[in-house]
Amino acid sequence: MATGGCPDACGRRRDAMPARLMGNGLRELDLFLTDLIVEADRVDRLGAAAGADPGVHPQRRIFSAAEAWRRVAPRLGLPAEGRARLRQMRAAQNRHCFGAWRDAGSGPALQRACADYARFAGDVLAAARSKAG
């Protein structure tokens with residue numbers, strides 16, 4: 001369907017997904033990336049002792065990948081420019097969840113956001129591996 005073999009069914013399926021559901025999915029990706037960034041930083045800071053540390057402390061939890069990127073990117077050697085894209089994606093999540101933003105262009109925007117989250121996660125893992133090795 002995604003290749004255009006059945007455009008009517010693809011259009012109906014895309015319309016069936018509420019904007020709020022798409023926004024919540026993006027929010028989950030953002031939280032996953034946030035935790036990945038924080039964990040990569042923790043392992044980088046503590047090294048072998050990271051296994052003895054309990055991990056994310058609730059009183060210090062970061063709830064935005066853009067904020068985690070701002071705090072951790074320099075230490076992990078990640079490019080600072082990633083924060084601007086993460087902020088844009090967070091704004092898109094809010095438009096999906098709390099606004100009426102649901103137009104024909106939101107499908108490709110959703111695909112780009114998912115691809116960007118995957119790319120950022122790959123960058124974080126690569127940075128963590130390079131620092132560990």
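Okay, a definition before anything else: when I say buried, I mean under 20% relative accessible area. And a caveat to go with that: what's on the screen is a predicted model.

Take Arg42, which sits in helix H2, residues 19-46. Is Arg42 buried or exposed? Its relative accessibility comes out at 12%, so with the limit at 20% Arg42 counts as buried. As for what its side chain does, there's a polar contact with the side chain of Glu39, at 2.6 Å.

The chain has 133 residues, and 34% of them count as buried. If you look at contacts with a separation of 6 or more, 76% of those come from residues 24 or more positions apart.

Now, the core. The largest nonpolar core holds 24 residues, and the members touching the most other members are Leu33, Ile37, Trp69, Leu78, Leu86 and Val124. Which elements give two or more residues to it? That would be H2, H3, helix H4 (82-98) and helix H5 (106-132). Skipping anything up to four places away in sequence, Ile37 touches Ala65, Ala68, Trp69, Val72, Leu76 and Val124.

Several of those names come back in H3, so let's go there. Helix H3 covers residues 65-76. Its buried residues are Ala65, Ala66, Ala68, Trp69, Val72, Ala73 and Leu76. Look down the helix axis and these buried residues fall within an arc of 145°, so they line one face of H3.

What about the length of H3? Twelve residues in a straight helix, at 1.5 Å a residue, would span 16 Å, but H3 spans only 14 Å between its end C-alpha atoms. At the start of H3, a side-chain oxygen of Ser64 comes to within 3.3 Å of the backbone nitrogen of Ala66. Just after H3, Gly77 has a positive phi, about 80°.

Next up, aromatics. How many aromatic pairs does the structure hold? One. That's Trp69 with Phe120, edge-to-face, with 5.1 Å centre to centre and 70° between the planes. The two partners are 51 residues apart, Trp69 in helix H3 and Phe120 in helix H5, so to the chain this pair is a link between distant parts.

Leaving out neighbours within four places in sequence, Ala127 is in contact with Leu76 and Leu78. There's also a C-alpha distance to Ala73 of 9.4 Å, across 54 residues of chain.

Last one: Asp116, also placed in helix H5. Why does Asp116 count as buried? Because its relative accessible area is 15%, and the cut-off is under 20%. Again ignoring residues up to four places away in sequence, Asp116 touches Arg85 and Met89.

That's my tour, over to you.

Technical notes: Residues numbered from 1 in each chain as written. Heavy atoms only, no water. Helix = DSSP H or I, 4+ residues; strand = E, 2+ residues; numbered from the N terminus. Expected span 1.5 Å × (residues − 1). Buried < 20%, exposed > 50% of the residue type's maximum accessible area, 1.4 Å probe, protein only. Arc of directions from axis to C-beta. Polar contact = N/O pair within 3.5 Å; in protein donor to acceptor, adjacent residues only side chain to side chain. Core = buried A, V, L, I, M, F, W, Y, C linked by side-chain atoms within 4.5 Å. Contact = heavy atoms within 4.5 Å. Phe/Tyr/Trp six-rings, centres within 6.5 Å; stacked < 30°, edge-to-face > 60°.
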